[in-house]
Amino acid sequence: MSALSEASTEHLTIADLRERYGLTTNAKFAGKVTVTSIADDLKSVMPGALFIPGPQDLNADAVAQAEEQGAYAVLLPTSVQDDGLEGSIPVLYGDLSAEEMGRLASDMAGHPSNSVAVFLVAGADAVEQGADLAELLHVLGNPVGQIGYRHSVSLERHLVEEYPLSAIDVQRILAVFVEDGASAVVIGADDRTLSPGALESVITDVCALDEPGIGDEDAIRPSLKETLERYGAKLRERTHIAHRTVESDDMAHHYDGQLDPASSGRLSLAIAMVMKAGVRKGNIKSALRVSKEMS
């Protein structure tokens, strides 16, 4: 399901969409029409939606069906501008890039990544590493949202999703996290979880590349940058790059010397990531000690 629902979105008018994204329209007097959701497949269209059909739905029947389901407007590529697909609702024309689609989804969702601390793990074992990081953040007292192909969780609530996720899906899920009261979000970035461009307009606070052994930021940065760009995420000035260190390895081993090397390595990277977010070592040690006593 690729849709942003009314409950979690900022409402935009046709005039807003034309001005922000350079779109044209066949309905010159429809500027005040307000869309309250966004969907890129027919099954997700609901009353008030802006419908952005994929290639399989670029036909008059799909536009008519979206209108019947309550869509308030349709956005079509300029290549079909002369194909006569118009209905009785406003039709917009434009060719949005992946970056613009991400920005549109973020606009509609109310820019949710600005309201939470976003931790992103890339690599072959990204989802399992993300789960360990989410557990550590939870132990530290943070309400956590987690995105991963095995399961996405908002605090204790499991979300049913179809993977890989699109930019619309990611912004919708982030909006759910914010609405549920999450303070931190963990995203496992791999091809099973995310489509190319899915993280456009997602502001990342701490990111890491899941790899064995103690890392080095200068060595990691090129590979991490390439991986993030595949999904539309960017290394910004405020983004912290984390990697395992001698200190984080020692803290993980001190927590439980019985952990197998893979589990100990994941814990070490999770520790390094929360330290990059500004969590004090004493708080991490205390949280790990309490967690061990309760297990």
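I started with strand β14 (residues 206-209): Val206 and Ala208 point one way, Cys207 and Leu209 the other way, and all are buried. Buried here is under 20% relative accessible area, exposed is over 50% and partly exposed is in between, with a 1.4 Å probe and protein chains only. Strands and helices are DSSP runs numbered from the N terminus: E of at least two residues for strands, H or I of at least four for helices.

Before going on, I noted the ground rules. This is a predicted model, where local features need pLDDT of at least 70 and side-chain atom pairs count only at pLDDT 80 or more, while totals for chains, interfaces and linings use all residues. Residues are numbered from 1 along each chain as its sequence is written, and side-chain values use heavy atoms, with hydrogens and water left out.

On the β9 side (residues 117-122), four bridges join the strands, which run parallel. On the β15 side (residues 240-242) there are three bridges, again parallel.

**Helix pair**

Next I took helix α1 (residues 14-21) and helix α3 (residues 98-109), whose axes come within 12 Å and cross at roughly 145°. Leu17, Arg20 and Tyr21 of α1 make the contact with Glu100, Arg103, Leu104 and Asp107 of α3; contact means heavy atoms within 4.5 Å. I sorted these residues into three nonpolar, no polar and four charged. The classes are Ala, Val, Leu, Ile, Met, Phe, Trp, Tyr, Cys and Pro as nonpolar, Asp, Glu, Lys and Arg as charged, and the others, Gly among them, as polar.

**Charged pairs**

How many salt bridges does the structure hold? I counted 15, taking a side-chain nitrogen of Lys or Arg within 4 Å of a carboxyl oxygen of Asp or Glu.

Glu162 and Lys43 meet at 3.0 Å, N to O. Glu162 sits in the loop between β12 (157-159) and α5 (167-180) and Lys43 in the loop between β5 (37-39) and β6 (49-51), so the bridge ties together parts 119 residues apart in sequence. Glu162 is partly exposed at 49%, and Lys43 is exposed at 60%.

Arg157 and Asp180 come to 2.5 Å, N to O. This one ties strand β12 to helix α5, because Arg157 lies in the strand and Asp180 in the helix, 23 residues apart in sequence. Both ends are partly exposed, Arg157 at 41% and Asp180 at 29%.

Arg221 and Glu217 pair with their closest N and O atoms 2.9 Å apart. They are four residues apart in helix α6 (residues 217-230), which means a separation of about one helical turn. I also flagged a network of salt bridges linking Glu128, Asp132 and Arg266.

Tyr163 and Pro164 are joined by a cis peptide bond, with omega about 0°, and Pro164 is in the loop between β12 and α5.

Where is His111, with its phi near 55°? I found His111 in the loop between α3 and β9, partly exposed at 30%. Leu155 has a positive phi too, about 60°; Leu155 lies in the loop between β11 (152-154) and β12 and is partly exposed at 33%.

Note on methods
Axes fitted to C-alpha atoms, helices over the stretch in contact; angles between N-to-C directions. Pairing = 2+ DSSP bridges.
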